[in-house]
Structures are given as structure tokens and as C-alpha cells.
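Okay, thanks for coming, everyone. Let me put the structure up and then walk you through it.

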Amino acid sequence: MTKNILLCGVGGQGTVKASRIIALSAMEEGRNVRTAETIGMAQRGGCVVSHVRISDQAIYSPLIPKGKADLLIAFEPGEAVRCIDYLKENGVIIVNRKAVTPVTASLSGSSYDGSDAASYLTEHFPNVRLIDGDRVSEQCGSDKVLNIALLAGAAASGELGISVEGLKDAIRKQLPEKTHAMNMKAVDIVTKGA
């Protein structure tokens, strides 16, 4: 069975790092993994989409076909809506509540707070979990825990293919030791309401 996970956000949010954590964890379990990223107009502020496909069998393409993603992890509500065509029927969506104003909105002076996008998701899709990334970041003392907070929500959903304890193990193995405490705290806040 293949697990298809699509991650989307904007440059600088940790989307690519999150996809690598998932992929390396699955490879350590001896599973076949394929990944691909599409990166938008800039490193910071451009759209970033990462495809992660995990299977016990051979995988020949790293790209997830539209309508086949089991899990959509969105670092920003508008990006979740933009990528929603990839989600399969009754797929799971983990999304950060906080909007990141797109470059086009900044340049045109228009306002965007992401609330319409978040409302659309919760009204039209049955399996949505909104994560308050700002609250988690504030409690951990760094906004660099956002990707781990979203992965924790995904692990708790059971759709990530990595357990909460497996995620903590991945943090210990794949992230710098100086960041372990704050990332572990982020996992506990999201999964235990700590």
C-alpha cells in the first residue's frame, strides 16, 4: 500500500525540511520512498509543494496524482485551498491557522488573513485539523517549530505513517541537538494539549 503525503506552504516555513523528516524516517524503516519539490518564485515567500510517496513496494514516480493524496499538510490556509485537488475523497488535512500574505497581495495593497480559506476547508472537508502555529511557536520560544507542530498533528491523525514516538525519534536523529527541547515541546503541545 502506498501512502501519499503532500506538503504545501511558502518559502522559509520549513516545508522541505518536514518532507525530508518524513522520507528519512520511512527509509529507516526499510520502506521505499520517492520525493519531489516544486518551489515557486522565490526562496522566501514563493509557493513550495513537496510530494512524499511511501510504500512497501516499488514506486516509479515521485509525483502524487491529483485526487490521490492521503494527507495534505498545509503550512498556510490559502496554500491548502490551492492544493486541495490533490487530496483524495475523505483525505486528512492538517493546516496552520496563520496566513502568510502572498507577494501579490502585498504588492497590490489588498488584505488577506486566511480566515476565508480556513472556513472553506472546515466547511467542505470532513477531516480537517487546524493547528495554531503561533500559539505553539510562542510557547516554544521560536517560530522554527512550525514544521514539527504540523508533523505532530499529522502523526496524531494516524495518516503520517510515523507515530508520535517515531516523530520524536526522527527529531533526535535528524535535527541539531540544540533544537531538540523546543521541538519535543511542540510535539507535546500539539498531541497532548500541553
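**The sheet and what packs around it**

When I say helix or strand, I mean DSSP runs, H or I of at least four residues for helices and E of at least two for strands, numbered from the N terminus. Two strands pair if DSSP finds at least two bridges between them. Within this pair, I5 stands opposite L71 in β4.

Quick housekeeping: this is a predicted model, so local features need pLDDT of at least 70 and side-chain atom pairs count only at pLDDT 80 or more, while totals for chains, interfaces and linings use all residues. Residues are numbered from 1 along each chain as its sequence is written, and side-chain values use heavy atoms, with hydrogens and water left out.

Zooming out, the sheet is open, has 6 strands with mixed pairing, and goes β2-β3-β1-β4-β5-β6. At the edges sit β2 (32-39) and β6 (128-131), each pairing on one side only. On average, neighbouring strands are turned by 15 degrees against each other, direction ignored. For angles, axes are lines fitted to C-alpha atoms, for helices over the stretch in contact, and values run from 0 to 180 degrees between N-to-C directions.

Helix α4, residues 115-124, lies across β5 (87-96) and β6, at about 150 degrees to β6. Contact here means heavy atoms within 4.5 Å.

Most residues other than glycine have a negative phi.

Now the cores. A nonpolar core is a set of buried Ala, Val, Leu, Ile, Met, Phe, Trp, Tyr and Cys residues joined through side-chain atoms within 4.5 Å; buried is under 20% relative accessible area, exposed over 50%, partly exposed in between, with a 1.4 Å probe and protein chains only. The largest one has 38 residues, and I5, I22, I73, L151 and L160 have the most contacts inside it. Helix α6, residues 146-157, gives the largest share, 8 residues. Leaving aside neighbours within four places in sequence, I22 touches I5, L7, V52, I54, I73, L151, L160 and I162. Another core, of 14 residues, lies apart, including I64, C83, L87 and V95.

And how many disulfides? The count is 0, taking a disulfide as two cysteine sulfur atoms within 2.5 Å. For C83, the nearest cysteine sulfur is that of C8, 4.1 Å away. C83 is buried, at 2% relative accessible area.
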